[in-house]
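Visitor: Could you take me on a close look at a single part of this protein? I would enjoy one connected walk through it, with the numbers included.

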Amino acid sequence: MSIFTGAGVAIITPFHADGSVNYEKLDELIQFHCDNGTDGIVICGTTGESSTLTEEEHMDCIKFTIRQTKGRIPVIAGTGSNCTRTAVEMSREAAESGADGVLLVTPYYNKATQTGLIAHYKAIAAETKAPIILYSVASRTGVNIEPSTVATLAKETDNIVAVKEASGNISQVAKILQLTDGKVDVYSGNDDQIVPILSLGGKGVISVLSNVAPRETHDICASFFAGDIAGSRALQLKALPLIEALFCEVNPIPVKKAVNLMGMEVGGLRMPLTELSEAHTVQLKKAMQEFGIQLA
């Protein structure tokens, strides 16, 4: 059984003016997604600025999200690290706290070999009972998870059950699905490729777009699963200008600006991320309004 099907939000982390985590606002965001069709919450992923959270903040955000969702939708905890031991410890703690799954990005900076990736993921899988979603995003980490590596991990472990595929390479997605013969769920890691990946047998998307358009992102998936391929495709294509605007600068700079433009007051970013440029803010506002999102 899949951890979730449909649109899971890669949720942002709101901050106070002093840079501390704003848990009251995080609760508001959780309720917003529970009320607007989001199919799962991925907490402390890249979009949640996990790289600048302390380990204590990281685990506190995960535990808070699990408590506040109250089982209404699945919670997937981002617990990846470039240190295997750290990833083991965070994954174990997240699982013990009730996470429905953990999302494990490839080790960044030290750039493991494929043999190293297998050893890394097997070590984590052996020490946590939570279902594991591999996260392949070479553009940010410098290392790709090859389809054969996904297949090996799926064959040799019981709880590596899915992959978030953000390579942008549709041929790679097809190869993963072919090699794993339905034993691994694939989620799109790119909002502009939801329908193409669903057409190959994907289970949904882990989405930045869902932060500002949760209902519509859910509907792209739900329409596809209901057999309304034309409707799903139309929604995907309609969203493209907004998706492009949400990635006009490095994620999560634009999406955090977008949520603030909606009046949610989620605060700024932690350095080294900086505020969206004026020119890109104009582009973002235009795309949001054309998509039908009301600005504050």
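Guide: Happy to. In this predicted model, E49 and K256 form a salt bridge whose closest N and O atoms are 2.7 Å apart. E49 sits in the loop between β2 and α2, while K256 belongs to helix α11 (residues 253–261), so this pair ties together parts that are 207 residues apart in sequence. Both partners count as buried because each falls under the 20% cut-off: E49 has a relative accessible area of 3%, and K256 has 2%. A search of the whole structure finds eight salt bridges.

Setting aside residues up to four places away in sequence, T47 touches A10, I11, I12, T13, V208, N211, N251, P252 and V255.

T47 also carries a label from a record: the UniProt annotation "binding site", from an unreviewed entry, covers T47 and I206. These residues are spread over 160 residues of sequence, yet they cluster in space, with a largest C-alpha distance of 10.5 Å. T47 and I206 are both included in the lining of the second largest pocket.

I206 itself is placed in strand β8 (residues 204–207) and is buried, with a relative accessible area of 2%. Leaving out neighbours within four places in sequence, I206 has contacts that include F4, G8, A10, V42 and L103.

Notes
Residues numbered from 1 in each chain as written. Predicted model: local features only at pLDDT ≥ 70, side-chain atom pairs only at ≥ 80, totals over all residues. Heavy atoms only, no water. UniProt positions renumbered as here; feature names shortened; annotations may be inferred. 1 Å grid on protein atoms, 1.4 Å probe; cavity = no way out; pocket = protein on both sides within 12 Å on 5 of 7 lines; lining within 4 Å. Contact = heavy atoms within 4.5 Å. Helix = DSSP H or I, 4+ residues; strand = E, 2+ residues; numbered from the N terminus. Buried < 20%, exposed > 50% of the residue type's maximum accessible area, 1.4 Å probe, protein only. Salt bridge = Lys/Arg side-chain N within 4 Å of Asp/Glu carboxyl O.
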